[in-house]
Each structure stands twice: as structure tokens, then as C-alpha cells.
Amino acid sequence: MDLKSNTPTGPIEKRWQNHKFQLQLVNPANRRKYKIIVVGTGLAGASAGATLADLGYNVLSFCYQDSPRRAHSIAAQGGINAAKNYQGDGDSVFRLFYETIKGGDFRARESNVYRLAEISVDIIDQCVALGVPFAREYGGLLANRSFGGTQVSRTFYARGQTGQQLLLAAYSALSRMIAAGKVQMRPRCEMIDLIVVDGRARGIVTRDLVTGKLEAHLGDAVILATGGYGNVFYLSTNAKGCNASAIWRAHRRGAGFANPCFTQIHPTSIPQAGEYQSKLTLMSESLRNDGRIWVPRKPEDCTKDPRSIPERDRYYYLEEKYPKFGNLMPRDIASRQAKFVCDQGLGVGPEIDGVRRGVYLDFTDAIKRDGVEVIREKYGNLFDMYERITGENPYEVPMRIYPATHYTMGGLWVDYNLMSNISGLFVAGEANFSDHGANRLGASALMQGLADGFFILPYTVADYLARNGPSKGVDENHPAVRSAIKEAEARINQFIEVGQKGTHTVDYFHRKLGMILWNECGMTRNEKGLRKALEEIPKLHEEFRAKVKIVGGGETLNRELEKALRVDDFFELGVLMCLDALERDESCGCHFREEHQTKPDPNVPGSYGGECVRDDERFAHVAVWEWKGEGKFARHVEPLNFEYVKLEQRKY
Amino acid sequence: MGETIDLKLHVWRQSGPNAPGRFEDYTHYAKAIPTHASFLEFLDIVNERLILAGIEPIAFDHDCREGICGMCGVVINGRPHGPRKATTTCQLHMRHFRNGEEIWVEPWRAKAFPIVKDLIVDRSAFDRIIQAGGYITARVGSAPDANAILIPKQVAEEAMDAAACIGCGACVAACPNGSASLFVAAKLGHFNSLPQGKPELDRRVLGMVTQHEKEGFGGCSNHYLCEAACPKEISVKWIAKMNRDFIRASLRYAPPVERKEGYG
Ligand SMILES: Cc1cc2nc3c(=O)[nH]c(=O)nc-3n(C[C@H](O)[C@H](O)[C@H](O)COP(=O)(O)OP(=O)(O)OC[C@H]3O[C@@H](n4cnc5c(N)ncnc54)[C@H](O)[C@@H]3O)c2cc1C
Ligand code: FES
């Protein structure tokens, strides 16, 4: 597998500028001769499609929702980072770069991350120009907040709806290009395979979700911006339709899959209420600024009214274990600690599968200190949302929270140009692995999606087209195209046929798969558990293929069939995640291997240990997996070199 | 595991845009529903039972299930998104229904929203309205520094109030005329309030309002049921503003004439 990262060398602050200068351009008059396929209309896909079309290329754009405006970027609440230093509080491109690398526990490429930090400032300019109503100060300047425990205020936001406003801006730019005839939009149309001819990505196979029609679409380059694969866990903060199918099918056609086991668990989501539950809802992390996290010290108190539990019987475990940062510990640590106390039998809320998965997030002290009105002003909409979902009033009863799968740092491997190892196949946004290492900092995914789409792909795709020219000799009758369609057809027919006699629904299997992954490849992992999962998942997958129940045919709108195709891919991905977690015999960021953690230090009072121990000698690299036929994979590595950042252990 | 209720459930089934539709009685499948479940999870449970009984599941649109993507939306007992104020269908929970309550579920009904299947409608008219002017033209690379334009906090907040629209279409379903005035006015209100949106204001209003008519949405006759149904509580004041801007634009707007510069 050819893993040339094409990262430039030289002074880091000049790399992107120099690289851009070396990229080839396409003459304006020639751009209309090219067709670019963009799958996905989230921040990454919509911004890429709109920008390429504005430059004069023809764009063919896809999403599975009924409108491009509904991509899951819309759900991001907190905000978007940029190194503007508008607050004059010591921020800089270099600081954002440094913190992103460190936050990712030194498992990302320096050149990529520096570029991201550099571009961040242009993103805010572009978004304001497009009409994003960011929060303002009284004087009319842009407001910022500090997010996720950073010491500078660099996060731009639009109430609790930052993702929505950014996505609607990208969508409006895309709409302008649809009106101009430069973008052809295909909503309710799902990519189910990639077409590769002579090592080049030449198109995709899609299923029209209304008519069930299978189609091949051909182009000169393909961009996948299909979001994350967190739904592999069944319960996650992702939208129900989020899937891995586009990147997974590309992987099966030869694209390397990087760091699949790097999945982020967010500490503050509303806990699961019952087995029928279909998704988890995130509560903004900002709540941890004022809320205090605790569980009862005694298991027998776990079912009592929390208000009746006296102070001395409450275990403020983050404050006790990490006095310096307390409730504001980084996401991964806060999440793991919640799991630990719940597994010890101290969790609260409904018992599901024998465990109460919930901890209190208590605002009583904050309300006493600041008054109800101040708290309402800050968090009112979040409290309302909590009440709507749980039926409990958080002004009176402490909230219950629990970690949830939230983001996937892993994804298709890409080089500095965001091109995968398949020539002409570009991958952007959460779908690629590029910038966040083993752990993503808050408010940096929105930034990455827009950096990729607005500011990077327009240059790097042009370079690819300039070097390779329009694709010739591939039409609907090309054998590779026909066989891709045939394979898709056969796969669908298989499901329809089995489905008639099946005994269990798709969700039944998906929940089971999710449970295995959550237990063995979730917040903590160990060799024994991973090996167990590697045995269980393929078995369950077989059972799924033999016993799944699907009513209705393939030539119509059939949601169960859609789900079955996605879950089929999740099964294979689940295996690869466990394999990757097993092979990465170290702990880093989100990837916590129980075998590799710090021990309590007897000389340091209050030292609890339990933190990641990296192994930089053996694992300062990207793990890139190659598909070797049904259930078989080969592991390759791309070494990571650090010239500007010193590798250190995170300490709290 | 918490309380459950039994419901008398009637759901609109229609296999395609031109097929006849009817209410089906699914009371048999709507028993023992946990009150903590959301309305869509209730439909999930019913669907799971239908599937195992060999009946095609009820098709409905949904995605984020957290009230922001705008994809979900059904009429519940005559009210778009059901009985709760400021709540999308996906955020409505079963604790707001009584044991034994009768529930009628049907799709958005409007001329401009043809039915696709069961509870799913085609809202692409909304996208075409946005394409007719719901944007600010700003090429990548051309933007000035974000703080170069000062925008008073109040103005930014107002624009944000309008921009909160999720494009679900409940306003249309609630309106006796099947008008999408609130949707159009909200988008116009967002862009037209901001200094960046001013240069294209006239063109935008004319384009979007004209497209609204072309799509077959009705006119606004001030029933204001849209505001009551809107899960984001968008104010009808934006409709008044849209009407003012439309009249002004109709009087003064002349499309710019492309003048070719001579080089001689
Ligand atoms: C609840 C929540 C809150 C978040 N909050 C923040 C935050 O505050 N700040 C931050 O920086 N990040 C946040 N994130 C992360 C961030 O929102 C996402 O990582 C980012 O928006 C992903 O953008 P994207 O363009 O890569 O993908 P998406 O927005 O997910 O878009 C994916 C697109 O691909 C399409 N698609 C997918 N599969 C297919 C297929 N097979 N065929 C055709 N089309 C397909 C979809 O239709 C969609 O258009 C949050 C995430 C969640 C879930
Ligand atoms: S499913 Fe997204 S708003 Fe209801």
C-alpha cells in the first residue's frame, strides 16, 4: 500500500503557502470540462461543492436526507475555534496548532494540524461574509468563549446552534451554485459503492432511496465527505442515518482505513432511559463550568432522591481525584471516570442490563452562589432540553449524565492533499482521519470540515485534475461500472430474499453489535475483551445475514433495507476497530488500554493513576489498514515525526 | 422499567404519491409503550412489531432526533408536531399522552408538499425557494476580516431569531392556505437584517417570494397558526417585514444591465 503523505518540509509556517504555489492550476476555460462527484453535504461536502462550482467545475452532489440542509453538522452546538486572538489573550496560530497536537495525544501530522490552525482565521471571515449570525458584543465586535477547558477564548458561536448556522451558510452557498446550474443536487440518494478503474476513482454507485433505482455516476474525481461512523455503536449522538457505508465501500475497493479504533466518547450526554432508546442527546460541555459531578458513596443510596443524600455521603470523584481541574477534566478522562464509578455500582438512574449508567451533574451550589436567574441566562435552553427529554426539572433535581459516542477521529487515510491512496479519491471532514490524532478538542471539527471544503480541496483537487486531465474511456458500459452495479444488485437481492423469512429486525442486530463494541471497544479496552469481541462480531454478522427480517422489496422506499445495508458495513468495520485497538498496544487519547495506565504515585497525595501511558517508541504512527478480502486485513504504518512539538505525557 | 401506556393508534398509510391513502388501526401494536420514549421511538416500537408480523413498517422521515435537522414532522391529532409548544415530533415524549388515548397520525398536508410515502412528504420546494435568492454572494477568498463589519449585538440577536428556522414545514401544514410565508420570511429576516445581506436585499425578496408562489404555496391571510406550530417559535412579525420589503423592492428594483467594458 502506497502511503506517501506528501507533507511539505521547511519552516512549518511556510509549508502550506509553498505547497499551494507548487500545486498546478486548471485554466478557467477548461474547468467546465471536469465533473467532480461530492458525496455529502455537511460542512465539508457543502463547502467543497459550492467552492468548486464557483470556480467553474461541474459538481454532482449527493446526500441521503431529503435536503442538503439536514446533514448532521447541523447538530453541533458549542462552537468553532479560530486563532483570531480577537480577545488579545495570547492566542496564536502556533498555540492552536500546539494544543491540537497535544490534545490528540501526539498521534496526528504536524503539517496538517498547522495548516488547520492557519486556515481557521479565514474560515471565520468567510462565514461572516456568508451571513452567519455569530454572537456579538455590545460594541458590535465578535464575541468569543473559552471551550473545553482552554485558557484562551477562541471559540466563535451562534447561541447553542453554531453547527446549524454554519451548515445553513454552506448550504446557501451550495444553493446559489445549484441555481447557477453548476451543481446538480441529488438528495435522498445513497452511495453504496465506489467505482475504481485502473487505480483511479472514476465514480460511484448509488441507490435512489425513493425509487430504489441503482445508478452509476461517473466523474473526474470523487470527494467523500460523508461524516463519522459513531453509529457503529448503535447508540450515539449521531443522527440515525449517519453511516460508514461510503468510506467502508471505498475501503473494500482499496482505500486505506486509518486508526479505526480512535472514537471519542463525550462525557455529558443524557443517559439512556430504556432499551427502546434510539439515540443519545448531547448536553453542551459548558455545563461542567458550573455543575458539580458526583455519585453516592454508598450503593444503597443510588436509588434515593439525590436531594436527601447528605454532603458527606456524596462522592465528587473528579474533584477528589483531580483537585486542580476538577469537573473540567478533558473529555476522555471525565468519561472514563464516570464509567468506573458506575461499574463499581455507584451509578444512578434506570438500571439497564444490570448497571445504572448515570452520574449527577448538580447545579445546587451554582444556583445558591449566582442565583437562579444567572444560571437560567447561561444554560436555560439546555435545561429546557433536558426537561423535555427526561421530564425532570434540573433547577430542582440534579441532572443525570453519562458518556456517549460522539465523534470518530479514525477514517479513510489521506495524504496532505486530502487524497486517499486511491488516485482521484479525496476524503474530507469527519470521514477522513487527518487532524485530530487520538482525541479531538472541542470546537475543532467544524473548523476542520470548513477548512477542508472551502480552503484545501479547491487547490488540491485542481492539482489532481491538472496533472491527470479529464477521464476518458469510462462510460456506463465499462466492465468495472457494470460489475459494480451487478454486485450492488446481488447484495440487495440477497437481503430482500433472506429478509422475507427472517426472524429479527435490523435494529435487533445493530443493538447487539453496538453493545459488544461499547463494552469491549468503548471507553476502555483490554486484550481479553478485544479478542472476545473479535470472535463474537463475525458470528453475529453471520447470524444477521441469515436471519434479518426485512419486509418489502428493493424497488421502493424501504427503510429497513437501507438500514440493513448500513449495518452490514458496520459489522465489518466493528471487526476492524477491535483489531486496530488490539494491535495498538498502548494507551493514547481516547484509546485506553487497561494494560497501559499510570499507577498511583505514593509520593503524591491524592494520586489515583489511571491515565494513559503512551508508547512512542512503538506507536508514534498512524495505523493504516488494507482490506484483504472478507474479514481479512493487513496493517501498515505511516510514521509520525515531530519537529515543533515536544512529546510529553499529559498530566493533571 | 418505568411506566407504560396503551394507545389507540391510527396511522395514514399511502404507498406512493398517486396511490389512494387511508388510516390504518394499529391499536394492537401500540400497547405497553414506555412513557419515557419519544414519539418517534413509539413509532419505532410499533414498526418493530409490524415488521415481525410481516407488515410493511410505517415510513416516516427523521434523522437527528434532537430537534434541529428539521427532517421529522407529522401531524398528531390535527396538530403539526403534536400537542407540545416549541417541540418537534422527535422531541415529543409519550409522557404527554394518557393511557388509552386515541392518536391519529398523518403527513403534512399541502399542495406544494406531495406525499412520497405514508408520512413522508416532498419538501424540495423549500430548497428551490432558497435557490431563488436565499443566500449572500461571497466567493471564497473575497471576505474581509470578520471584525471589519461591526454588527450591533441587538441586530445579530434579531437575525439569529429568524435564522433559527429548521425548515421542517410545520408552518405550511398548520396554515389553512398552505402558505410557506413564515419559512420565506424567516430566511429573508435573517439575511436582510444583517449589513452583509443588504446589497442583494431587493433581488432576494423578489426572487424568493416569486418562487414561493410558483411552487403552489398559498398566500398569508393572517391566521398566524404558523407561529403557534413552529417548533422554533419564529415570530410572524417577519412576515410583515417581508411584505414591506417586497413592496419596496417591486417599486424600485431593476435588474442590473450587464455592461461590457470596452478596452479600446
Ligand atoms: C451532537 C453533536 C455536537 C457537536 N458539536 C460540535 C461542536 O460544538 N463543535 C465542533 O467543532 N464539532 C462538533 N461536533 C462534531 C461536528 O459536528 C462533526 O464532526 C462535523 O460537523 C462533521 O461534518 P461533515 O461534513 O464531515 O459530516 P456531516 O455533517 O455528518 O455530513 C455528512 C453528509 O454525508 C451524507 N452521507 C453520509 N453517508 C452517505 C452515503 N452513503 N451516501 C450519500 N450521502 C451520504 C449525509 O447525507 C450528509 O450530507 C458535534 C457533533 C455532534 C454529533
Ligand atoms: S429528527 Fe431532526 S428535527 Fe426531528
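## Shell around ligand 1

In this predicted model, β6(A) supplies the largest share of the shell around ligand 1, with 3 residues. Helices (H or I, at least four residues) and strands (E, at least two) are DSSP runs numbered from the N terminus. The shell comprises 37 residues, a residue being counted if one of its heavy atoms lies within 4 Å of the ligand. The closest are A:Thr41, A:Gln65, A:Ser73, A:Met191 and A:Glu430. By class, 17 are nonpolar, 17 polar and 3 charged; Ala, Val, Leu, Ile, Met, Phe, Trp, Tyr, Cys and Pro count as nonpolar, Asp, Glu, Lys and Arg as charged, and the others, Gly among them, as polar.

An N or O atom in the side chain of A:Gln65 lies 2.5 Å from an oxygen atom of ligand 1. Backbone atoms also take part: a polar one of A:Gly79 is 2.9 Å from a nitrogen atom of the ligand, and an N or O atom of A:Tyr64 is 3.1 Å from an oxygen atom of the ligand.

Taken alone, ligand 1 exposes 1000 Å², of which the protein buries 97%; accessible areas follow the Shrake-Rupley method with a 1.4 Å probe, and for residues only the protein chains shown count as cover.

## Interface of chain A and chain B

Chain A contributes 78 residues and chain B 74 residues to the contact, defined by heavy atoms within 4.5 Å. About 6300 Å² is buried between the two chains, 55% of it from carbon and sulfur atoms; this is the accessible area (1.4 Å probe) lost on putting the two parts together, summed over both. On the chain A side, A:Arg70, A:Tyr276 and A:Arg388 lose the most area to chain B, together 12% of what that side buries.

Across the interface there are 8 salt bridges, each a side-chain nitrogen of Lys or Arg within 4 Å of a carboxyl oxygen of Asp or Glu. One joins A:Arg188 to B:Asp61 (2.8 Å, N to O). The largest share of the chain A side, 9 residues, comes from α6(A).

## Basis of the values

Residues are numbered from 1 along each chain as its sequence is written, and chains are lettered from A and ligands numbered from 1 in the order in which they are written. Local features need pLDDT of at least 70 and side-chain atom pairs pLDDT 80 or more, whereas totals for chains, interfaces and linings use all residues, and side-chain values use heavy atoms, with hydrogens and water left out.

Notes:
A polar contact is a pair of N or O atoms within 3.5 Å; within protein, one must be able to donate a hydrogen and the other to accept it, and residues adjacent in sequence count only if both atoms are side-chain atoms.
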